[in-house]
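I opened the notebook to go through one protein from its outline down to single residues. My notes follow in the sequence in which I looked things up.

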Amino acid sequence: MSLIGDIALGENGPVVHAHVVVGTATGDARGGHLLERYVRPTLEVLVTESPGHLRRRFAPEFGIALIDLAGGKVEPPPS
């Protein structure tokens, strides 16, 4: 029913982070992170390039990799 996410540069290359909503045979909807799937026979995907590079960096304070919008640069606090 829907698939949305991003492809960002991680520590070891491109990383896909995708969310999906699928329909069941009974008409229910289920959603969550897409971890692994097989497509038969075809899948159409539209990829739009963002203006800047998306890079995920591990954030130890959260225990997960987050998109680093600052490009690894630490912004000084506003004066």
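Entry 1, ground rules. I am working with a predicted model, in which local features need pLDDT of at least 70 and side-chain atom pairs count only at pLDDT 80 or more, while totals for chains, interfaces and linings use all residues. Residues are numbered from 1 along each chain as its sequence is written, and side-chain values use heavy atoms, with hydrogens and water left out.

I looked up the elements and found 0 helices and 5 strands. Helices (H or I, at least four residues) and strands (E, at least two) are DSSP runs, numbered from the N terminus. Read from the N terminus, the elements go β-β-β-β-β. I noted that 11% of the 79 residues count as buried; buried means under 20% relative accessible area, exposed over 50%, and partly exposed in between, with a 1.4 Å probe and protein chains only. The protein exposes about 7300 Å², and carbon and sulfur atoms supply 59% of that area. Accessible areas come from the Shrake-Rupley method with a 1.4 Å probe, and for residues only the protein chains shown count as cover.

Entry 3, the sheet. In what order do the 3 strands of the open sheet stand? The order is β1-β2-β3, with antiparallel pairing. Two strands pair if DSSP finds at least two bridges between them. I recorded β1 (2-10) and β3 (29-33) as the edge strands, each pairing on one side only. From one strand to the next, the twist averages 15°; the axes are lines fitted to C-alpha atoms, for helices over the stretch in contact, and angles run from 0 to 180 degrees between N-to-C directions.

G10 has G13 as its bridge partner in β2.

Entry 5, β2 and β3. Strand β2 (residues 13-23) is joined to β3 by 5 bridges, and the two run antiparallel. I checked two positions: V21 has the bridge partner G31 in β3, and G23 stands opposite A29. The hairpin of β2 and β3 has 5 residues between the strands, and G27 there takes a positive phi near 90°.

Which residues form the nonpolar patch? They are I7, V16, V39, L43, V45 and V47, with about 590 Å² of accessible area together. V16 lies in strand β2 and counts as exposed because its relative accessibility is 61%.

R40 and P41 are joined by a cis peptide bond, with omega about -5°. P41 lies in the loop between β3 and β4 (56-59).

I found A70 in the segment after β5 (64-67). A70 counts as partly exposed because its relative accessibility is 29%. The C-alpha atoms of A70 and R55 are separated by 9.4 Å, and the two residues are 15 residues apart along the chain.

Conventions: Patch = residues over 30% accessible without salt bridge, like charges linked within 9 Å, V, L, I, M, F, W, Y side chains within 5 Å. Salt bridge = Lys/Arg side-chain N within 4 Å of Asp/Glu carboxyl O.
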